[in-house]
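Visitor: I'm new to reading strands and sheets. Could you walk me through a few of them?

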Amino acid sequence: MTSLLFLIPLSILILVGAGAALFWAINRGQFDDLETPALLPLLDADAAESGDASERPS
Amino acid sequence: MIATCWHCGEALPPDPPHANVGGIRYAVCCNGCRAVAEWIAELGLADYYRLRKGSAVRAPDPRESAESAAAFLRPELSRHLVRARADGTSEAIVLVDGMHCTACCWLIEQTLGRLPGVVEVGVNAGARRARIVFDAKVLALARIVDALGRVGYRALPLDRDALDDIRQRETRAAQKRLAVAGFGAMQAMMYASALWFGAFDGVDDVTRDFFRWLTLLATTPVVFYSAAPFFAGAFRLVKVRRLGMDVPVALAVGLIYAGSVVEIFTGGPDVWFESVSMFVFFLCVGRYLEMRARHHSGDLTDALARLTPVFADRVEADGTLLRVGAFELVPGDRVVVAEGGSVPADGVLETEQCRVDEALLCGESTPRQKRRGEALCAGSIVAGTPATMRVTRVGADTAVAGIVALTTRAASSKPRLARAGERAAAGFVARVLVLAICTAVAWAIVDPSRALAATVAVLVVACPCAFALAAPAAVTRALAVLTGRGVLVVRPDALEDLASVTHILFDKTGTLTQPAIAHDRTIARQGIDRDAALAIAAALAQGARHPLARAFVADAPAALPAVDARESAAGRGIGGVVGGRRYRLGRVDYALDVERHPSHVKDAVVLACEDAVVLADDGGVVAAFHVDERLRPGAHAAVARLVRAGINVTIASGDARTRVEAVAQRLGVAAWKARQSPTDKLALLASLRAQGARVAVVGDGVNDAPMLAGADVAIAVGTAADAAQAASDIVITGQLEALAEARAIARQTLSILRQNRRWALCYNIATVPLAALGLVAPWLAAIGMSVSSLAVVLNALRIGRGYQRRATNETAVAGESVDTQRALA
């Protein structure tokens with residue numbers, strides 16, 4: 001039972017850290033657009049190619 | 001399948017240019033589209049074509065964008081649009097027209113992100129806005145607008161005040177509240193389960209109190225941070241002496257929390273922190289979903305930005321033209337509006353005469369002739385000659401701004417229903433409160449030590465959770481179902497209103513009808529095939545912006561002949577050489593070139609062509625086309641289904657009597673009103689409502705906006721001007737027939753809502769007495785609460801089941817399309 005006295009405060013610390021990280025992400029606008037990022041995994045293979053293509057002078 | 005442009009989806013000319021994308025050649029309609037497609041491919045963004053859901057906008061005229069780019073360099077304009085940031089970068093926000101889907105959003109982000117000097121790009125697909133942080137020393141705003149133009153979007157830079165986006169603040173605040181409620185509820189539940197098991201196994205008081213304090217710690221931010229809007233809402237409602245849903249919710253949350261705190265200090269048997277934090281979490285989820293649906297609809301600032309142009313061509317003192325920002329104009333300035341351009345401010349016409357398309361303002365379907373000295377309104381489109389005008393009113397003083405403001409006012413004074421559901425819940429909560437007080441008093445007499453525990457148990461068991469969830473669960477589900485059918489519900493309350501509607505008022509032009517060529521009244525010269533004549537006319541009309549020209553193109557066969565030596569005469573017609581022959585299309589006097597061939601006037605055919613659009617060559621009239629209105633797909637079915645359902649359908653239009661009557665007869669609508677000004681329409685609406693009718697208005701133009709705002713339910717069709725959409729409760733983006741379906745689903749939603757409330761009531765009637773007697777253990781109360789909530793949610797998922805794609809009935813669709821193909825006589 002005594003381990004609880006150590007583990008519970010630790011869990012609270014982690015929770016507060018997670019909350020702070022989430023607030024930071026929200027304030028940086030990472031959750032403003034929930035639609036576009038859903039498409040990105042579909043592009044992985046091609047994104048590498050397109051990266052090369054864009055380096056060409058246009 | 002008609003061959004269409006790979007980029008914009010418009011009909012292809014017979015010998016189309018080809019865009020070379022990744023080694024494959026695709027046919028496109030014009031060189032503009034070819035440039036856009038190849039540019040997109042060159043940027044390595046060809047994925048866009050794979051991911052997009054709709055065609056792009058036809059490529060803009062490159063000359064036009066070059067002139068606008070020059071205007072952006074003016075310091076007056078950039079001061080207005082660009083905000084300098086503390087770190088030396090600049091920030092601007094643009095409204096992007098032509099953004100349909102997330103693929104568009106991605107393309108825009110990628111394109112802008114690759115411009116040198118861009119620091120950060122944020123594209124919001126819902127709001128159709130892009131926020132760009134850039135280095136003004138390296139990159140001008142003009143390049144940004146130009147880059148968007150090159151990939152096929154029209155960028156409208158917004159006033160820099162738009163950067164302080166209310167919607168963004170609202171979204172972020174809601175997300176934080178949701179996160180806190182989620183974390184808090186999870187933790188509270190975890191600690192509480194330890195307490196529950198402790199209750200089974202026996203646990204010493206110190207450990208128990210330790211866990212109680214932990215639960216309190218987890219729940220406090222949930223109650224004071226996440227639930228704050230409910231308390232604020234309840235406070236506002238109580239101040240105006242009303243009982244909305246926020247009141248019982250705030251009361252329950254507050255009392256359960258306070259009761260549990262008292263339990264901790266007095267060492268009573270139970271705490272209910274986990275119930276209250278779970279409750280708040282569910283509520284936050286519901287609110288967040290509602291908010292997202294609301295944000296997708298755009299607002300009035302954006303609407304006004306779309307209706308009026310960004311630039312104006314001002315006549316300087318020395319007689320030259322200078323492109324300036326429209327906001328720079330002052331009364332007294334002289335402005336030239338190009339053919340097809342929109343008027344930047346209210347003013348007086350100085351050119352001898354011109355034709356103006358005022359469809360946006362008065363609903364007139366054909367352009368009106370204006371003479372020198374007549375008033376021009378901002379937002380209307382000059383259809384013929386370039387027009388010179390003297391500015392009389394600018395910005396917020398213009399007629400279109402007035403209409404938008406009127407809309408805002410009407411929207412804020414919208415008669416809100418005293419919602420039956422809320423009243424029921426409020427009444428229910430009032431009864432629970434009375435019961436809780438009775439329990440407290442009774443236990444205080446019998447056994448004071450158990451009074452608080454029993455009272456709070458009554459509140460937990462009878463917590464209006466199922467009641468509070470009944471509406472959001474049903475409404476959220478209904479919104480999702482309707483969105484899938486092309487019906488966007490902007491104001492969730494509109495569902496309740498739609499279900500109880502008795503009258504529907506339709507606007508005509510653009511809502512029930514669209515302009516079309518009357519094929520059966522087309523007269524062609526002997527020996528000439530009607531379709532061939534139409535193909536020539538459409539080829540000439542292609543690219544012209546006049547509404548009639550668009551009707552020709554829409555009706556044209558797939559392959560159009562090539563046109564050389566195009567000419568266009570000032571509001572009268574267009575001409576060109578097709579197959580070696582010179583043709584002219586337009587009003588009869590222009591087409592026949594009366595000045596050069598006066599003999600043609602005596603032609604018998606001419607007499608029949610009085611109000612027709614005439615195609616002529618040097619030998620005289622080739623064909624005469626009559627332009628009528630065609631019913632929109634689904635209009636007939638929608639009206640028929642509504643009438644069958646016992647709804648009174650009325651048509652109110654600003655158009656001429658004969659046209660309105662024809663449409664009304666065709667649709668089988670007995671009640672119709674022609675020549676209605678916006679004020680007349682509002683009066684008609686008021687008189688209907690005075691007779692006790694519940695009225696839905698279906699419209700599209702800005703002139704409908706006041707009427708839409710005053711209606712019980714305002715419904716805009718997908719092509720609607722954005723001001724109308726901003727004032728509307730429901731937007732139909734698909735077929736008009738979805739309207740009838742939406743009403744059926746709204747009624748189903750209400751009936752499921754009633755079932756849910758009845759279920760919640762039964763559950764409470766069964767459990768509250770047990771709780772009042774002190775027989776319900778806390779874990780049992782919490783489980784009971786969760787199960788009742790779950791039942792409510794599962795029941796809500798049934799919405800839309802009975803209406804799955806009924807319209808796919810083959811014969812019905814075939815019949816309908818034949819119907820709509822026939823032009824109105």
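Guide: Happy to, and keep in mind that this is a predicted model. Let's begin with strand 25 of chain B, residues 648-652, which is mostly covered.

Visitor: How many of the residues in strand 25 of chain B are buried?

Guide: The count is 4 of 5. Here, buried means that 20 or more other C-beta atoms lie within 10 Å of a residue's own.

Visitor: Which strands pair with strand 25 of chain B?

Guide: One is strand 18 of chain B, residues 503-506, which runs parallel to strand 25 and is joined to it by 4 bridges. To find that pairing on screen, look for B:Phe506, whose bridge partner in strand 25 is B:Ile651. Another is strand 26 of chain B, residues 671-673, also parallel, with 3 bridges. There, B:Thr650 sits opposite B:Ala671.

Visitor: How does the chain get from strand 25 to strand 26 of chain B?

Guide: It passes through helix 24 of chain B, residues 657-667, making a right-handed β-α-β crossover.

Visitor: And what about side chains along a strand?

Guide: In a regular strand they alternate between the two faces of the sheet.

Visitor: In what order do the strands of the open sheet in chain B come?

Guide: The 6 strands run 9-8-10-16-11-14, with antiparallel pairing. Strand 9 (321-325) and strand 14 (375-376) of chain B are the edges: each has a single partner strand, so one side of each has no neighbour in the sheet.

How values were computed:
Residues are numbered from 1 along each chain as its sequence is written. Chains are lettered from A and ligands numbered from 1 in the order in which they are written. This is a predicted model: local features need pLDDT of at least 70, side-chain atom pairs count only at pLDDT 80 or more; totals for chains, interfaces and linings use all residues. A residue is buried if 20 or more other C-beta atoms lie within 10 Å of its own, exposed if 12 or fewer, and partly exposed in between; C-beta atoms are placed from the backbone. Helices (H or I, at least four residues) and strands (E, at least two) are DSSP runs, numbered from the N terminus. Two strands pair if DSSP finds at least two bridges between them. A crossover is right-handed if, with the strands pointing away from the viewer, the path from the first strand over the helix to the second runs clockwise.
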